[in-house]
Each structure stands twice: as C-alpha cells, then as structure tokens.
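Hi,

Here is the model I promised to pass on.

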Amino acid sequence: MARIDQVADGIYRISAFTPQKRLSFNQFLIDDERPALVHTGTYPMYDEVRAAIAQVLDPTRLAYVIVPHFEADECGGMGRFVAEAPGAVLVCSAVGARINLSQWDYTGAVHGVQDGDVVDLGRHHLRFLETPHVHHWDSLMAFEEATCSLFPADLFLQPDDQPPVVRENLGAAMCAWYRMAGIFAAEGPVRRVVDRLEPLAPAMVHPMHGGSVPAEATPHYVAALREEAFGFDGRLFGRQLPE
Ligand SMILES: [Fe+2]
Ligand SMILES: [Fe+2]
C-alpha cells in the first residue's frame, strides 16, 4: 500500500517502495480548486495511487494529469485517471504531445506546453520548463510558484527506501545509480538544466524516486550533478553492452 504524506502546503507525496528495484515510485497530488496529479505511476499501480488520492479528494475531480515524459512509471495510469475524471486534461510537453500522443490510441484531452507556460490550479500555479534530453527528448519539469516546489521527475533521484523528506547528501549515490542504469546519454544537457534550476531557489525539490529534498540539502545534489560523471558508460541497468 502506498503511503501518503503532505510535503508542502496542499502538496501530497504518494510513495510506494519496490525492494527488487531498490527504488520508490512517487506521485504528487496538488489539492486545489483544479487538482493536479504530477506523474501517475505504472498501470498496475493505479489502484493504490487512486486509493491514496481518495484520502485527500475525489479522484473524479482531477483537472490535470501532468506527464513529464512518456515512460510507464510516469504515465502508465494516465488513461484511467483521465477517463475517470470527466474534466481532466493530460499535460505534457509540446514535443511529447506531438511525438507520443498523436496517431496513437489515446483519446483524452491533451495540452502540450512550451517553456514558460503556466497552468492555473487556483492557489497553486505550475510553470513548465522544457528540459530536452533530461532524460528524454520530450522531458518536462514543473515549478509550483506558491510553494516554490520543483517537480524534476527523475532528476535528484535517490535509490533505496527514503523518508518523505531527505536532508542527507546522497549525491554520489544518485550519480552512481544514473551511471549503472544508463538513463542520461551525457552530462551536458543535464548541467544546462541544473544552471536554470538553481536560480529558481526551490524551497523543496520533489523527485519521482527517493525523498523530497529541502533547500538546505539541494546544493549537495547540484554539486554532484556538476562535478561527478553520470552519463552513459555502456551499461543498461547494470548490464554491460559489447564495446
Ligand atoms: Fe523516467
Ligand atoms: Fe521515473
């Protein structure tokens, strides 16, 4: 069963740990006039994510389902969440809408956003950043302005079972996991985005895997991303490919 914790004003972290993968899978619910779910979890996770949402609000009220890139853990539940909530709109990057949602069997409403676009939830406002190649072509991040919360999807990840809020420096473990898994082609596009994120001075960063990182701890992770090697080195989930 997923646990649910309030990690910022009106923002809930719904987290399920998978020991075999040594990763938690976190979705974020923003409770507002127009509620939003930031990533959905995989298709099989739908029931436990929905049950956690229902502790806070009626899931049929969801107005936005935010998909930061198209992988099963970020979008596997999107079809059912959008189908169940009559007013729900799927929000992804403009590139994602073009390359992943056209000429496909998804039939719900889609809003493709570009850098700087804002979605108004009521008290909360999500401002989007296009972050291509961190770690997909269509990647997107969201910055919630009322709480200064950054939703960076898979950036700022920490492996293993973490508490809802992490103050520890796990920057080296983050980079080692990225290298082992091979999710970033290279450091360059990531460091370009890190340079854009730092001036936003987020009060808290809410990664999809691991715990949420408050402002006093984010410099550890920023430094690791700037200084350590984490780009693809020939391994995919630890499996070495032929030279
Ligand atoms: Fe991902
Ligand atoms: Fe993910």
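**The sheet and what packs on it**

Strands β9 and β10 run antiparallel and are joined by five bridges. Strands, by the way, are DSSP runs of E with at least two residues, helices are runs of H or I with at least four, and both are numbered from the N terminus. Two strands count as paired if DSSP finds at least two bridges between them.

Before going on, some housekeeping: this is a predicted model, where local features need pLDDT of at least 70 and side-chain atom pairs count only at pLDDT 80 or more, while totals for chains, interfaces and linings use all residues. Residues are numbered from 1 along each chain as its sequence is written, chains are lettered from A and ligands numbered from 1 in the order in which they are written, and side-chain values use heavy atoms, with hydrogens and water left out.

Back to β10. Phe128 has Ala142 in β10 as its bridge partner, and Ala142 is in turn bridged to Phe151 in β11. β10 and β11 are antiparallel too, with three bridges, one of which pairs Phe143 with Leu150. In the hairpin of these two strands, with four residues between them, Cys148 takes a positive phi near 50°.

How enclosed is β10? Five of its five residues are buried, so the rest of the structure largely encloses it (buried means under 20% relative accessible area, with a 1.4 Å probe and protein chains only). Leu140, Ala142 and Glu144 point one way, Met141 and Phe143 the other. In general, side chains of a regular strand alternate between the two faces of the sheet.

The whole sheet is open, with six strands in the order β8-β9-β10-β11-β12-β13 and mixed pairing. β8 (118–120) and β13 (213–214) stand at the edges with a single partner strand each, so one side of each has no neighbour in the sheet. Helix α6 packs on the sheet, touching β9, β10 and β11, and its direction makes about 150° with that of β9 (axes are lines fitted to C-alpha atoms, for helices over the stretch in contact, and angles run from 0 to 180 degrees between N-to-C directions).

In α6 (residues 188–197), Val190, Val193, Val194 and Leu197 are buried. They cover an arc of only 105° around the axis, which puts them on the same side of α6 (the arc is taken from the directions from the helix axis to the C-beta atoms). The buried residues of α6 also pack against α7 (218–227), where contact means heavy atoms within 4.5 Å.

**The iron pair**

Which residues hold the iron ion (ligand 2)? Its protein donors are Asp73 (OD), Glu74 (OE), Asp154 (OD), Met208 (SD) and His209 (NE2), at 2.2 to 2.7 Å. Donors are N, O and S atoms within 2.8 Å of the metal (3.2 Å for Na, K and Ca), and with water not among the atoms, sites may look incomplete. The iron ion (ligand 1) is 3.5 Å from the iron ion (ligand 2), and Glu74 coordinates both. Asp73, in helix α2, and Asp154, in the loop between β11 and α5, are 81 residues apart. Asp73 is buried at 10% relative accessibility, and Asp154 is buried at 5%.

Asp154 is also one of the contacts of Tyr178, which is found in α5 and is buried at 0%.

**Cysteines**

The whole structure has zero disulfides (pairs of cysteine sulfur atoms within 2.5 Å). For Cys75, the nearest cysteine sulfur, that of Cys92, is 9.6 Å away.

Cheers

Terms used:
Buried < 20%, exposed > 50% of the residue type's maximum accessible area, 1.4 Å probe, protein only. Lists of a residue's contacts leave out its neighbours within four places in sequence.
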